[in-house]
Amino acid sequence: MSTRSNIRIQSGNRKFQIYRHWDGYPEGVVPDLQEFFAWNKGRNDDLSYTIANFFYFFKRSAEENEVEQRKEDKKIEEFTGPRWKNPTHLSGILTGYGIVEAQDPEPETWIEWFYVADLDERTITCYEIGRTDPLVCEHAELVFHSKHPLVAPEKRLLANGIAVVGNKFEVPSKTTPGQTYTVTLEPAHCTCAGFKYRKTCSHLKAAIVASGEAVAQ
């Protein structure tokens, strides 16, 4: 079942609302929006162009995916014979997104997430749709979930494999290859188990040292 969402893009008193049919959870929508606004950076101050470019950007991505899918289908047919049939994904180009009237979710709505991309504040705010009875969709309300920058900060690599993204540090584990922990300095916090119990850890100390390097850069 699709995770449906509405995305409101606004500037001043003007606002447009876009319906997204699939992958409407924050882990799917926020990175997609940040990628779009990074691409659209020359027009993020113009709401009309931003809305037009939004559909071009995501429809183009769907078309590129369709081309790759057709190439993959052709490879499969070479091994399985001409009887191989795969339903076209053209519907992903013709549908998936739509413009809806800009308003807060009404009780009968079936969307699960609601996003507000504010071009003036340069933020993306995520809301979950709360209901007392999901089966009949009564009493829909916006429940604050998280806020993110309109464009994701660039990741910078520092010493010892440490990366900094905005005000967060990604510190690699010394014992588990490929494992990283997210560290913030204000407030001091690390996602490792050691910090949970001791309120300090080697990752936090490494981030403090790395922060001096980040400033020097």
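A: A charge sits over a ring if NZ of Lys or CZ of Arg is within 6 Å of the ring centre and within 35 degrees of the ring normal. Here arginine 43 lies over the face of tyrosine 49, at 4.1 Å from the ring centre. The model is predicted: local features need pLDDT of at least 70, side-chain atom pairs count only at pLDDT 80 or more, and totals for chains, interfaces and linings use all residues. Residues are numbered from 1 along each chain as its sequence is written, and side-chain values use heavy atoms, with hydrogens and water left out.

Q: How is a pair of aromatic rings described, and how many aromatic pairs are there?

A: One gives the distance of the centres and the angle of the planes. Rings of Phe, Tyr and Trp (its six-membered ring) pair if their centres lie within 6.5 Å; planes under 30 degrees apart count as stacked, over 60 as edge-to-face and the rest as tilted. By this rule there are 14 aromatic pairs. In one of them, phenylalanine 54 and tyrosine 97 have ring centres 5.6 Å apart and planes at 80°, so the pair is edge-to-face. This pair links distant parts of the chain, since phenylalanine 54 belongs to helix α2 (residues 47–80) and tyrosine 97 to strand β3, 43 residues apart. Helices (H or I, at least four residues) and strands (E, at least two) are DSSP runs, numbered from the N terminus.

Q: Is phenylalanine 54 buried or exposed?

A: Buried means under 20% relative accessible area, exposed over 50%, and partly exposed in between (1.4 Å probe, protein chains only). Phenylalanine 54, at 1% relative accessibility, counts as buried. Tyrosine 97 is buried too, with a relative accessible area of 14%.

Q: Which residues of the largest nonpolar core touch the most other members?

A: A nonpolar core is a set of buried Ala, Val, Leu, Ile, Met, Phe, Trp, Tyr and Cys residues joined through side-chain atoms within 4.5 Å. The largest has 22 residues, of which Ile7, Ile9, Ile18, Leu33, Phe37, Phe54 and Tyr115 touch the most other members. Helix α2 gives the most to this core, with 6 residues.

Q: Which strand is joined to strand β1?

A: Two strands pair if DSSP finds at least two bridges between them. Strand β1 (residues 5–11) and strand β2 (residues 14–20) run antiparallel and are joined by 7 bridges. Arginine 8 stands opposite glutamine 17 in β2. Strand β2 also pairs with strand β3 (residues 97–100) in the antiparallel sense, over 4 bridges, and there glutamine 17 stands opposite valine 100.
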